[in-house]
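Dear colleague,

I am handing over the structure below. My notes on it follow.

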Amino acid sequence: MRTGATASIASSRRAAGGLLLDVFDEILTPRQAINRWPVVRGTDRSLDTAYQALLHFEADEEHQRGVPFYMDAQLELMRQMGTCLSQGRDLPDYMLAAYAGELREHWSGWYDEKVILVTPWTRLAQNIRGLWRLVRRVVLMT
């Protein structure tokens, strides 16, 4: 018989596995999967590792465009993790070891919660700078 914590971890693993497979199948973006990541009662190394891999995948967008086959390797990792977790199994040791030193922090479900005051101002500054460049080009051309 399962305890409440074990049942919760098993259902969270299945939910997380589904999210990773949806990222692999390009049904969800990594950001959407991060925002929908299941809340876990207790700790689970497999869920922590999968979450860190998803964060890493989302943060490597520029590197994925610049290095051939890098994104393919990361997507294959998402598929393998998603398959293991959706079956309720632990991730293999080599996957756990790959993210052992990573930060173990889960947000409450909204991707930009920690930078909510910084992000709008950064975007505003970028938009103003872009508008200024456009105005200069138009004025100098006429």
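Is H3 largely enclosed by the rest of the structure or largely exposed, and how many of its 15 residues are buried? Of those residues, 12 are buried, so H3 is largely enclosed by the rest of the structure; buried means under 20% relative accessible area with a 1.4 Å probe, protein chains only. Among the buried ones are Leu-47, Tyr-51, Leu-54, Phe-57 and Glu-58.

This is a predicted model, in which local features need pLDDT of at least 70 and side-chain atom pairs count only at pLDDT 80 or more, while totals for chains, interfaces and linings use all residues. Residues are numbered from 1 along each chain as its sequence is written, and side-chain values use heavy atoms, with hydrogens and water left out.

The mean pLDDT (the predictor's confidence in each residue, from 0 to 100) is 77 for the protein, and 75% of the residues score at least 70. Confidence is highest in H5, at 91, and lowest in helix H7 (residues 118-141), at a mean of 70. Residues 108-118 fall below 50, and this stretch has 10 contacts beyond near neighbours in sequence (contact: heavy atoms within 4.5 Å).

Helices here are DSSP runs (H or I, at least four residues), numbered from the N terminus.

Regards

How values were computed
Buried < 20%, exposed > 50% of the residue type's maximum accessible area, 1.4 Å probe, protein only. Helix = DSSP H or I, 4+ residues; strand = E, 2+ residues; numbered from the N terminus.
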